Amino acid sequence: MVETLSIAVIGAPGVGKTSIIRQFIYNDFSEVYTPTRTRYVYRPSVILNGNMYELKILDVPPISSFPSSSSQEWLDLRCRGVRNANAYILVYDICCVESFEYVKMIRQQIVEHREGSSSEVPILVVGNKRDLQRQRFMPRRAVSVLVKKTWKCGYVECSAKFNWHVVLLFKELLGIAVARGMRQNHTAIRLQGALQRNRCTIM
């Protein structure tokens, strides 16, 4: 039986959410910026440690806030499926402090408003545009410590433009999601194998 995992990708305008997804699935990058105006769903299949997973990746347009209730979620077409996603990728631009503040706000709202155990839902914070490293607003180590120690989230930096660490970030998130799913469902998934980061294939 193939397990389906729903992943919501959220971030401020222009941080590269869609570019990250398209690099992951199609190995494609466009220099032309096209704003995401409607929710778009991608459905790739991946293999991690010999197990196949169907991913439902939600490319979420910029939203003013995380939906605080199911009714709010369904009233706004951009938010559909966001509250009950299995995992979240929160993307910011390492050169734009405002985009980081947006991620900070959304993460806090996920913790406060998401259905189920918010402490268990995997959240990966992703700093995109690593190719513009010299223009960053905060040293990588400082951001990593804040996100991992204080927010209790995963952290990865990538460059969608050069396809650097793009597969890694999805592998990281999938490993966390599988491990936490095992703790919740008591299924017989091998934890060490699920967390290995050297065997992930996109189909």
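User: Why does D76 count as partly exposed in this structure?

Analyst: In this predicted model, D76 has a relative accessibility of 21%. Buried means under 20% and exposed means over 50%, with partly exposed in between. The value of 21% lies in that middle range, so D76 is called partly exposed.

User: What makes the contact of D76 with R78 a salt bridge?

Analyst: The closest N and O atoms of D76 and R78 are 2.8 Å apart. A salt bridge requires a side-chain nitrogen of Lys or Arg within 4 Å of a carboxyl oxygen of Asp or Glu. The pair meets that condition, so the contact is a salt bridge. R78 is also partly exposed, with a relative accessible area of 30%. By this rule the structure holds six salt bridges.

User: Why is D93 called buried, and with which residue does D93 form a salt bridge?

Analyst: D93 has a relative accessible area of 11%, which is under 20%, and therefore D93 is buried. The salt bridge partner of D93 is K129, and their closest N and O atoms are 3.3 Å apart. This pair links distant parts of the chain: D93 belongs to strand 5, while K129 lies in the loop between strand 6 and helix 4, 36 residues apart. K129, at 22% relative accessibility, counts as partly exposed.

User: How do you know that R130 and E157 form a salt bridge, and what does the pair tie together?

Analyst: Their closest N and O atoms are 3.2 Å apart, and the limit is 4 Å. R130 lies in the loop between strand 6 and helix 4 and E157 in strand 7, so the pair ties together parts that are 27 residues apart in sequence. R130 is partly exposed at 24% relative accessibility, whereas E157 is buried with a relative accessible area of 2%. R130 and E157 also belong to a network of salt bridges that includes R136.

User: Why is K17 called buried, and which residues does K17 touch?

Analyst: K17 has 5% relative accessibility, and a value under 20% means buried, so the term applies to K17. Leaving out residues up to four places away in sequence, K17 touches V9, I10, G11, A12, D59, V60, P62 and V91. The C-alpha atoms of K17 and A160 are separated by 8.7 Å, although these residues are 143 residues apart along the chain.

User: Which residues of helix 1 are buried, and how do you know where on the helix they lie?

Analyst: The buried residues of helix 1, which spans residues 17-26, are K17, I20, I21, Q23 and F24. Viewed down the helix axis, these residues fall within an arc of 160 degrees, so they line one face of helix 1. As a general rule, an α-helix has 3.6 residues a turn, so residues three or four places apart point the same way. Just after helix 1, N27 takes a positive phi of about 55 degrees.

User: What makes strand 3 and strand 4 a pair?

Analyst: Strand 3 and strand 4 share four bridges in the antiparallel sense, and at least two bridges are needed for pairing.

Conventions
Residues numbered from 1 in each chain as written. Predicted model: local features only at pLDDT ≥ 70, side-chain atom pairs only at ≥ 80, totals over all residues. Heavy atoms only, no water. Buried < 20%, exposed > 50% of the residue type's maximum accessible area, 1.4 Å probe, protein only. Helix = DSSP H or I, 4+ residues; strand = E, 2+ residues; numbered from the N terminus. Arc of directions from axis to C-beta. Contact = heavy atoms within 4.5 Å.
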